[in-house]
Amino acid sequence: MADLAGRSAVITGAASGIGLATAHLFAAAGARVLLVDRNAEGLAEAMAALGDGDHRSVAMDVTDESAWIALAAGIESSEGKLDILVNNAGFGVFRSIADTTLEHWRTIMAVNLDSVFLATRHLLPLLARSGNGAIVNMSSIRGIAASANAGSYCAAKGAVRMFTKATALECAALGNGVRANSIHPGHIETPLTAGAHADPAIAARLLADTPIGRVGKPEEIADAVLFLASDASRYMTGAELVVDGGSTAQ
């Protein structure tokens, strides 16, 4: 396991699924974890499950800039710096373009893309103080390979992919020591996807789309997050790591 001893990390969407699995893995690797999610009850359960350690949680809306400003001020006051930012919060509701309202479009963009921008904008100065900062942004295979009836989600996750690259190049030009990379999961079984995976027809389509023959587990994506957050990937920035059971290889 990679060593994150003495490092601090912010993880969004941390009350369940990939975010929660990442929080557990980071804590086991020695990091101090700050869990961020709008689900206060889920955060309380997540914190209890983490057990001992100097971990914290903040219930907030990741699309609210004022909340990010307050969070950054709190981290600066208590820590003075930040080592790792994992922008994991996101969701998708799949509709045809004709059935996608402007309100729906903006909600998908706000949660999946605006949150990444806001977190990066307000936490980047703290990451730069680390001297070894790492940003890991959760995109999707739909940020690389499009799908019908997923226009808003594809657009948002594709934008996360390119924003990550732009962040990486900007940080490299500034020489601030911050790396930025994106992860592109395939079909992963999480609380958000449980309903879809329970539908036999949908489950069959997902399996047909995954050469390895099964959907992934949150822990398998968390392993990739840990790699990109650690010194094991110290020469990687602006990269996209695909973890999809072979879906995009077809």
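D209 sits in the loop that runs between α7 (200-208) and α8 (218-229). In this predicted model, D209 is partly exposed, as its relative accessible area is 23%.

**Around D209**
- Apart from its neighbours within four places in sequence, D209 makes contact with R142, H187, S247 and Q250.
- From D209 to T22 the distance is 25 Å, C-alpha to C-alpha, and the two are 187 residues apart in sequence.
- T22 itself is one of the buried residues of α1, a helix we come back to below.

**Aromatic pairs**
- How many aromatic pairs does a search of the whole structure find? The search finds 2.
- In one of them, the rings of F94 and Y153 have centres 5.5 Å apart and planes at 80 degrees, so this pair is edge-to-face.
- F94 belongs to the loop between β4 (84-87) and α4 (102-130), while Y153 belongs to helix α5 (residues 151-174), so the pair ties together parts that are 59 residues apart in sequence.

**Helix α1**
- Helix α1 (residues 17-28) has 12 residues, and from its first C-alpha to its last it reaches 17 Å, close to the expected 16 Å.
- Why is α1 described as largely enclosed by the rest of the structure? The reason is that 9 of its 12 residues are buried.
- The buried residues of α1 are G17, I18, G19, A21, T22, A23, L25, F26 and A27.
- For a helix in general, residues three or four places apart point the same way, because there are 3.6 residues a turn.
- The cover over the buried residues of α1 includes the strands β1 (8-12), β2 (32-37), β4 and β5 (134-138), along with the helices α2 (40-50) and α8.
- Just after α1, G30 has a positive phi of about 105 degrees.

- With 5 of its 5 residues buried, β5 is largely enclosed by the rest of the structure.
- Which residues of β5 point which way? A134, V136 and M138 point one way, I135 and N137 point the other way, and all are buried.
- In a regular strand, side chains alternate between the two faces of the sheet.
- β4 and β5 run parallel and are joined by 4 bridges, with L85 standing opposite I135 of β5.
- Going from β4 to β5, the chain passes through α4, and this β-α-β crossover is right-handed.
- β5 also pairs with strand β6 (residues 179-185), in the parallel sense and over 5 bridges; here N137 stands opposite S182 of β6.
- A right-handed β-α-β unit is made by β5, α5 and β6.
- Helix α5 of that unit is also where Y153 lies, the ring partner of F94.

Conventions. Residues numbered from 1 in each chain as written. Predicted model: local features only at pLDDT ≥ 70, side-chain atom pairs only at ≥ 80, totals over all residues. Heavy atoms only, no water. Helix = DSSP H or I, 4+ residues; strand = E, 2+ residues; numbered from the N terminus. Buried < 20%, exposed > 50% of the residue type's maximum accessible area, 1.4 Å probe, protein only. Contact = heavy atoms within 4.5 Å. Phe/Tyr/Trp six-rings, centres within 6.5 Å; stacked < 30°, edge-to-face > 60°. Expected span 1.5 Å × (residues − 1). Pairing = 2+ DSSP bridges. Right-handed = clockwise from strand over helix to strand, strands pointing away.
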